[in-house]
Amino acid sequence: MFIVHIYTKDRVFRKLLELSFIQLSRKFEIKSFFFDCEERTFENHLNPTDLELKPHLLVIDLDLNENFNAIQLAQTIRNYHFNPNLEFIIVSDNIEKLISGMQLRPLKALNKNLNSQAFVTELHSIFEHSIFYNDYFIPIKFKDKYMVLHTNEILAITKEKEILSQKKIVFHTQKESYLTNGNLSDFSKNLRFPFFLIHRSIIINLRFVSYFDSKTVTLSNDATFPVSRSKRIYLKKLYSNDFSLNI
């Protein structure tokens with residue numbers, strides 16, 4: 001799922017985005033949240049520990065009301081989500097505001113007066129860029145749509161039996177598992193800590209380890225996976241030294 005936060009009070013622009021997302025939903029799974037920048041709304045919805053609300057992309061309308069400085073708001077949001085690389089799109093019907101907003105180094109600056117099809121085209125290119133070039137997220141193709149998984153919501157990645165000569169892997173999250181085409185060895189080379197290859201067919205996220213013994217590792221969702229002897233020694237050393245656990 002591709003999560004987008006939009007900060008605007010412009011009802012016409014909101015309608016334009018909603019229609020654009022409907023068109024794009026044929027290729028991307030999109031969930032959008034609209035905020036009018038009232039303090040109560042901001043505090044209630046921007047919870048960085050809630051993965052269902054944590055955004056992949058922000059859309060900031062620079063034509064906000066006079067009580068908010070849109071540039072300061074964007075910087076605050078970026079800090080709130082503990083992600084200095086969180087991508088932004090800035091929008092306005094005022095060219096001077098768009099030029100001023102470039103200090104945020106946005107992914108794109110768009111004029112709100114674009115016609116609907118031009119806006120869809122721009123958003124399509126933005127989504128493709130965000131999916132394939134952001135280290136914090138992993139794109140997968142699931143049921144003919146692109147999905148984006150936060151690396152910190154992935155518990156494990158496992159190799160499955162080949163189907164019609166296609167290599168298959170499963171991404172395990174707290175709520176669901178997603179079967180997709182892929183090569184586990186490619187992910188093991190590219191994923192950084194806390195992802196760890198515990199077996200030739202299993203990568204786990206060390207943040208979700210609940211306990212382990214001489215043969216298996218159990219994650220926070222109660223899923224249990226086999227662990228090789230050499231990796232078990234590493235796990236014991238890691239948790240004993242770094243977290244002062246008596247294992």
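Biologist: How many aromatic pairs does the count come to?

Modeller: The count comes to 3 aromatic pairs. Keep in mind that this is a predicted model. A pair of aromatic rings is described by the distance of the centres and the angle of the planes. Now take one case. Phe 13 and Phe 119 are 5.8 Å apart, centre to centre, with 75° between the planes. That makes the pair edge-to-face, because planes over 60 degrees apart count that way.

Biologist: Which parts does this pair tie together?

Modeller: Find the elements. Phe 13 belongs to helix α1, residues 11–24, and Phe 119 to helix α5, residues 116–133. So the pair ties together parts that are 106 residues apart in sequence.

Biologist: Is Phe 13 buried or exposed? And what about Phe 119, buried or exposed?

Modeller: The cut-off for buried is under 20% relative accessible area. Phe 13 has 3% relative accessibility, so Phe 13 counts as buried. Phe 119 has 1%, so Phe 119 counts as buried too. Now try another pair. Phe 142 and Tyr 178 are also edge-to-face, at 5.0 Å between centres and 90° between planes. Phe 142 is in strand β6 (residues 137–142) and Tyr 178 in strand β10 (residues 177–181). This pair links distant parts of the chain, 36 residues apart. Both Phe 142 and Tyr 178 are buried.

Biologist: What sits over the ring of Phe 34? And what sits over the ring of Phe 13?

Modeller: Look for a charged end above the ring. Over Phe 34 you find the charged end of Arg 14, 4.2 Å from the ring centre. Over Phe 13 you find that of Lys 112, at 5.7 Å from the centre.

Biologist: Now the core. Which residues of the largest nonpolar core touch the most other members?

Modeller: General idea: in soluble globular proteins, nonpolar side chains tend to be buried together. Here the largest nonpolar core has 22 residues, and Leu 17 and Phe 127 touch the most other members. At least two residues of this core come from each of β1 (2–7), α1, β3 (57–61), β4 (87–92) and α5.

Biologist: What is Leu 17 in contact with, leaving aside neighbours within four places in sequence?

Modeller: With that limit, Leu 17 contacts Ile 6, Phe 34, Val 59, Phe 119 and Leu 123. Another core lies apart from the largest one. That other core has 16 residues, including Leu 155, Ile 198, Leu 219 and Phe 225.

Biologist: Last topic, a sheet. What is the order of the strands in the open sheet of 3 strands?

Modeller: General idea: in a regular strand the side chains alternate between the two faces of the sheet. In this open sheet the order is β13-β14-β15, with antiparallel pairing. β13 and β15 are the edge strands, each pairing on one side only. From one strand to the next, the twist averages 25°.

Biologist: How many bridges join β14 to β15? And how many bridges pair β13 with β14?

Modeller: β14 and β15 (residues 224–226) are joined by 3 bridges. Thr 216 faces Pro 226 in β15. β13 (residues 209–212) and β14 (residues 216–219) pair over 3 bridges. There, Val 209 has Leu 219 as its bridge partner.

Biologist: How many residues does each hairpin have between its strands?

Modeller: From β13 to β14, the hairpin runs through 3 residues. Between β14 and β15 there are 4 residues. In that turn, Asp 222 has a positive phi of about 75°.

Notes
Residues numbered from 1 in each chain as written. Predicted model: local features only at pLDDT ≥ 70, side-chain atom pairs only at ≥ 80, totals over all residues. Heavy atoms only, no water. Phe/Tyr/Trp six-rings, centres within 6.5 Å; stacked < 30°, edge-to-face > 60°. Buried < 20%, exposed > 50% of the residue type's maximum accessible area, 1.4 Å probe, protein only. Lys NZ or Arg CZ within 6 Å of the ring centre and 35° of its normal. Core = buried A, V, L, I, M, F, W, Y, C linked by side-chain atoms within 4.5 Å. Contact = heavy atoms within 4.5 Å. Pairing = 2+ DSSP bridges. Axes fitted to C-alpha atoms, helices over the stretch in contact; angles between N-to-C directions.
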